[in-house]
Amino acid sequence: MFEILEKDKIGPGVNRAVISAPEIARAHRPGQFVILRAHADGERIPLTVADKDPGKGTLTLIWQEVGTTTYYMGTMCVGEKLVDVCGPLGKPTHVEKFGTVVSVCGGIGAAPLYPITKAMHDAGNHVITILGARTEGLLIMTDDMKKVSDELLISTDDGSFGIHGFVTQVLQDLIDKKRKMDLCVAVGPVPMMRAVVNVTKKANLPTVVSLNPIMVDGTGMCGACRVEVGGKTMFGCVDGPEFNGFDVDFELLTKRLAMYKGPELISLNRFKETPRGCECTFPGGAA
Amino acid sequence: MPEQDPIQRAQNFYEVALGYDNDLALLEASRCLHCKKPYCMKGCPVEVDIPDFVEMVKAGDFISAAWKVKEKNSLPRIAGRVCPQESQCEATCVLNKKGKGEPCAIGRLERFVADYAAKHDTGEIPQLPKPTGLKVGVVGSGPAGLTLAGALIKKGVAVTVFEALHELGGVLVYGIPEFRLPKAIVRSEVDELRKMGVEFKTNWVVGRIETVDDLLEKRKFDSVFIGTGAGAPLFLRIPGENLNGVYSANEFLTRSNLMKAYLFPEADTPVAKGRRVCVFGGGNVAMDSARTALRLGAEEVSIVYRRTMDELPARAEEVHHAVEEGVKFRLLSSPLEIVGNEAGWAVGVNCQKMELGEPDDSGRRRPVPVPGETFHIECDTVIVAIGNAANPLVPSTTKQLDVNKWGNIVADLETGKTSKARVWAGGDIVTGAATVILAMGAGRKAALSMLKEFSID
C-alpha cells in the first residue's frame, strides 16, 4: 500500500505529500502521471508527479483541493495510506538539447512542470522559467524551480509578488525583446495554456502543453480522456498527456472538463457535511 | 431457470437469473442420457467432463460434481453465468440433436454445483503437488490469465498475475454488469486461486513499470503469458462523438461496474444518468450497456442497430432479457451524426435508414442505405458499443513480438505460442473481441503448452 510519509499544506487549499511507491518511483520519467484512489469508494483521479526519489522509493504529489478526492486527501495524515496508486502512466516528455527552453506555469501547474524543467535543464538547455499565480500565497515551488532554471521570472496577477501581470505578458515581453527561444513548455489551467499558445503561435515558438482531461483507467481502455489534436481524436492518457499546443482544441477540452460539474458539486457538498474522523484538520479541509 | 421479475429487476442491480435449487437441479440432471460418446464435451472450449459431473448431480453429490468441473475449469461460477452454452455444449447435446426437445441445461447445472460448493465451502483446496521451482508471469487478470494461473498452480508452477486496474478480473469486473455476474462471485473465484498460492499484483501496468522483457530477464520468470484483452474502444468516427454525454461502452460500464457509479453519491464516481439513451451496436456489450442505463433510471433506452433482430450478434438470452425489461430496438438504423447543443452536450442522433442487401463476407446480409431516408432520435446520452481493438501498450513495449495489421498478437491458436521465445498469449489480445469462455479456453491451452515445454504432465 501507498503510505503517506510526509504531508504539509503549502498554500491555501494546496497540499504536498511524499508517499511510498517504490516501483513507480523507479520507473517514472518526467511528464508521466499516476492515477490514484484515496479510499475504497473513491474515484480514480489522475495526478502529476511533482518529484520522486527512486533511492528512497518515494513520490512527491502536490494537489489543490477542488473535488471530493482532493479534499479528502487534504484531510489525510502521515501514516495513512492511499488504497491505490497506479503508474507511471502516459508518455514521458521528449527531452533533448533544444537550446533555450522557456517553461511557463500557472498556479498548481508548477508541480507537474518541475520534473520536466529539471530534465530540460539536465539535458543542457538554457532554461527560462516563468512562474505565475493569482496572488503571492498561491505561488508554489519557487525555490525548487530556481535550482533548475537559468533564469526565473515570477509574476502575480494582483502584483503582490514579482512582476505585476499574467505569465503571458512576461512571455510576450521576452518575445518582444527578441530573446532566442527554441521551445516553450506550458502547464497549468486550461485558460492559461490556451493564452500561452495564442502568444507563442504568433511568434512561431513551438509549444508543448500537458493536458488534464477527465480519466478513468488511464491505460487507453475507456476513452473518457478524448481530446482533439489537429482535428484527430486522441486519448490523453496514452497518446499524451503532452501535445503540440498549436493543434489542441482547447474549447472542447474546457467543455469536456465540465461534464460532471453537477455530480461533482453534489459529491463535494456531501463530503463536507460528513465528518471524517481525522483529528489533525477540519473535515473538508481549510478552504 | 427462475428469474427476477422484469419490471422489478430493471430497477435494481441484483442478479437477474436466480439459479436452480436442489430439486430443480436433480430434475434437470435426470434428463441427461449419459451418452457413450459425449458430444457435449466436444462443444466445450475447456473440455469439462460434462457427463461425469452431471451424473454426480443426478446422484445428489453436488460437492463432488463441483470438484469434477473444477478439474478443467477454474472459474465455474463465472462460466456457468456468462458462457454462450446454447452455441457450445448444449448445441451438441444429443437431446438437442434427436429433436427430443430442449438440450440438458449444462450451463445452469455448472452454475448450480459451483454455487453450491461455494456456499458449503469448507476451505478445502485441491491437493497441490510439490513446487517445481518454475515460475510464470501473467499479464492481465481477465478470464484467460486466471484460467492459466489455475491450471499452472495445480501443477506446482508458481504464478504471479500483474493487473493494471485496482481490482482483479479484467472484463469480468469492469465490463460485465453486476446483474449478470456479481462482483462477489469473481472475488470468490480469485480468492480460491489465491488460496492455492497464486500471487496477484494490482495497479501494476506492464509496459510502464516494467516490460515483458524485464519480467523475463530481471524478474527471471521462466515464461510469460499475455492476456491483456481487447481493451481499446472503437468509435464510429462520425461528427459529434466527443460531445459530453457520449461514452464508449467501456467507459460507461467501467464507471457503473468497477467504480460503482450506480451507488453515487455513496461511491464517488459519477456517470451520466440519461433520460433518453441511445446505444450503438447489437452485441452483448450493447445489451449490457442498455440494461445498465435502464437500471440507472433512464426513461427510454434504444438500441440503434444497422441490421435486423435476426442478425443481432448478442446472445438470444441477452436480447430476450433486454426486450423484457423494455429496451427499444431501432433496427435498420445507422448513426450519421450526434447533434450537440451550445454547451457541448449531446441532444440527439441523426440516423440513416437502412435495408438488407446481398450477404457480405460474414454471410450476414449487408445493410445498405435507403436513399434519402434519414431521421432524428432525441437523446441526451449515447453509448458507443461497436467493439474494441487491441490495446497497443504491451505489444508495443515488447521486443520481437509479432502483431497483425489490427495490432493483435500473432499466436498459435492451439498452443498460444507467440513469435517470441518463452512468451505465450491468448484471449482477445490474440483473437480480437470474443467471449469469456474462448479466452478461458485459450488460457487453458497455453497452460498445457507451457507444461509440455516444462516437461510436466
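1. Asn204(A) is exposed, at a relative accessible area of 60%. Exposed means over 50% relative accessible area, buried under 20%, and partly exposed in between (1.4 Å probe, protein chains only). Asn204(A) sits in the loop between helix H6 (190–202) and strand E13 (207–210) of chain A. Helices (H or I, at least four residues) and strands (E, at least two) are DSSP runs, numbered from the N terminus. The phi of Asn204(A) is near 55 degrees, a positive value in a residue other than glycine.

2. A word on the basis. This is a predicted model, in which local features need pLDDT of at least 70 and side-chain atom pairs count only at pLDDT 80 or more, while totals for chains, interfaces and linings use all residues. Residues are numbered from 1 along each chain as its sequence is written, chains are lettered from A and ligands numbered from 1 in the order in which they are written, and side-chain values use heavy atoms, with hydrogens and water left out.

3. Lys178(A) is another case of positive phi in a residue other than glycine, here near 60 degrees. Its loop runs between helix H5 (167–176) and strand E12 (183–187) of chain A. Lys178(A) is exposed, with a relative accessible area of 72%.

4. Check the cis peptide bonds. One runs from Gly87(A) to Pro88(A), with omega near -5 degrees. Pro88(A) belongs to strand E7 of chain A. Another joins Gly240(A) and Pro241(A), with omega about 15 degrees. Pro241(A) lies in the loop between helix H7 (236–239) and strand E16 (242–244) of chain A.

5. Next, the interface. Chain A brings 46 residues to the contact and chain B brings 43 residues; contact means heavy atoms within 4.5 Å. The area buried between the two chains is about 3600 Å², with 52% from carbon and sulfur atoms. Buried area is the accessible area (1.4 Å probe) that two parts lose on being put together, summed over both. Met221(A), Arg226(A) and Met259(A) supply 19% of the area that chain A buries against chain B, more than any other three residues.

6. The rule finds three salt bridges between chain A and chain B, each a side-chain nitrogen of Lys or Arg within 4 Å of a carboxyl oxygen of Asp or Glu. Asp41(A) forms a salt bridge with Lys260(B), the closest N and O atoms being 3.2 Å apart.

7. Asn203(B) deserves a look. Its place is in the loop between strand E3 (199–201) and helix H13 (212–217) of chain B. Asn203(B) counts as buried because its relative accessibility is 5%. Not counting residues up to four places away in sequence, Asn203(B) touches residues including Val85(A), Cys86(A), Gly87(A), Glu163(B) and His166(B).

8. Last, the strands. Strand E1 (residues 2–11) and strand E2 of chain A pair in the antiparallel sense over six bridges. Two strands pair if DSSP finds at least two bridges between them. E1(A) and E2(A) form a hairpin with two residues between them, and Gly13(A) in the turn has a positive phi of about 75 degrees. Asp8(A) stands opposite Arg16(A) in E2(A). E2(A) also pairs with strand E5 (residues 58–64) of chain A, antiparallel, over seven bridges. There, Asn15(A) has Trp63(A) in E5(A) as its bridge partner. Strand E2 (residues 14–20) of chain A is mostly covered, with five of its seven residues buried.
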